[in-house]
Amino acid sequence: MKATLKTKYDVDKSGAVSTLAINAGDVKLRASITDATIINGPSLNGLALGVEKPGFFMVDYNVPKKDLRFQFMNTVKVVEKPLNLTYIHSWSDNRTVLDGTLVFDSANKVSANHALGSGNCKLKYSYVHEGVTTFEPSYDVAKNSWDFSVSTKVYGDDVLKGTYQTTTKALGLEWTRNLKSSGNFKIVASVNLGDEPKRPKVTAESTWNFLV
């Protein structure tokens with residue numbers, strides 16, 4: 001069976017999260033732990049379990065909080081174009097989110113995200129230029145604000161991405177290094193241009209694929 005180990009380290013918080021995913025036929029089984037699970041002896045703090053069938057459903061269970069999160073996916077045709085639909089429900093806060101993405105072609109797609117009862121909707125347009133550079137402006141209806149994202153392939157399969165959030169003035173830079181079949185690693189740096197002093201936040205994430 002194939003397995004994936006993903007570890008994310010937050011330099012600012014000096015904390016890490018590790019997730020082990022195992023392919024079991026058509027489904028993936030996941031288990032995540034944080035520093036709180038190990039520090040001061042093994043405990044249930046920070047432990048999360050999940051099961052996923054890609055493209056169909058995902059269920060996550062936060063053990064210490066006893067919280068369930070359901071996600072169901074489906075694809076329908078609209079004027080001969082695929083519309084990818086996602087339904088997400090969090091048990092503890094009784095929050096439901098609907099997400100839809102209409103794919104016009106390999107270069108153009110639009111998506112909308114709405115949390116039921118919030119009165120808010122987020123819209124995003126994605127354009128891929130010559131299969132290399134992706135532009136993604138998004139609009140938050142409630143905040144009347146724009147966010148922007150640009151990513152491009154460099155050195156073959158590596159990806160360099162920049163983001164900017166107009167409301168928070170948060171500027172981000174992300175570099176993902178593709179290690180082919182063995183996995184990848186990612187470094188993310190962000191800074192709030194409205195803060196003084198401007199202190200960057202850095203996270204590092206690595207993913208390793210292996211057989212069990």
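Let's start at Y87, which is partly exposed, with a relative accessible area of 35%. Keep in mind as you look around that this is a predicted model.

From Y87, turn to its aromatic surroundings. Ring pairs join F70, F72, Y87 and W91 into a cluster. In the model as a whole, the count of aromatic pairs comes to seven. One of them is formed by F70 and F72, a stacked pair with 6.5 Å from centre to centre and 5° between the planes. F70 has a relative accessibility of 21%, so this residue counts as partly exposed; buried would require a value under 20%. F72 is partly exposed as well, at 40% relative accessibility. The rings of F72 and Y87 have centres 6.4 Å apart, and their planes meet at 35°, so this pair is classed as tilted.

Now move to T7, which you will find in strand β1 (residues 2–10). With 26% relative accessibility, T7 counts as partly exposed. Leaving aside residues up to four places away in sequence, T7 touches V17, S18, A204, E205 and S206. With S18, the side chain of T7 makes a polar contact of 3.4 Å. For a sense of scale, T7 and E136 are 129 residues apart in sequence, and their C-alpha atoms are 27 Å apart in space.

Technical notes: Residues are numbered from 1 along each chain as its sequence is written. This is a predicted model: local features need pLDDT of at least 70, side-chain atom pairs count only at pLDDT 80 or more; totals for chains, interfaces and linings use all residues. Side-chain values use heavy atoms; hydrogens and water are left out. Helices (H or I, at least four residues) and strands (E, at least two) are DSSP runs, numbered from the N terminus. Buried means under 20% relative accessible area, exposed over 50%, partly exposed in between (1.4 Å probe, protein chains only). Contact means heavy atoms within 4.5 Å. A polar contact is a pair of N or O atoms within 3.5 Å; within protein, one must be able to donate a hydrogen and the other to accept it, and residues adjacent in sequence count only if both atoms are side-chain atoms. Rings of Phe, Tyr and Trp (its six-membered ring) pair if their centres lie within 6.5 Å; planes under 30 degrees apart count as stacked, over 60 as edge-to-face and the rest as tilted.
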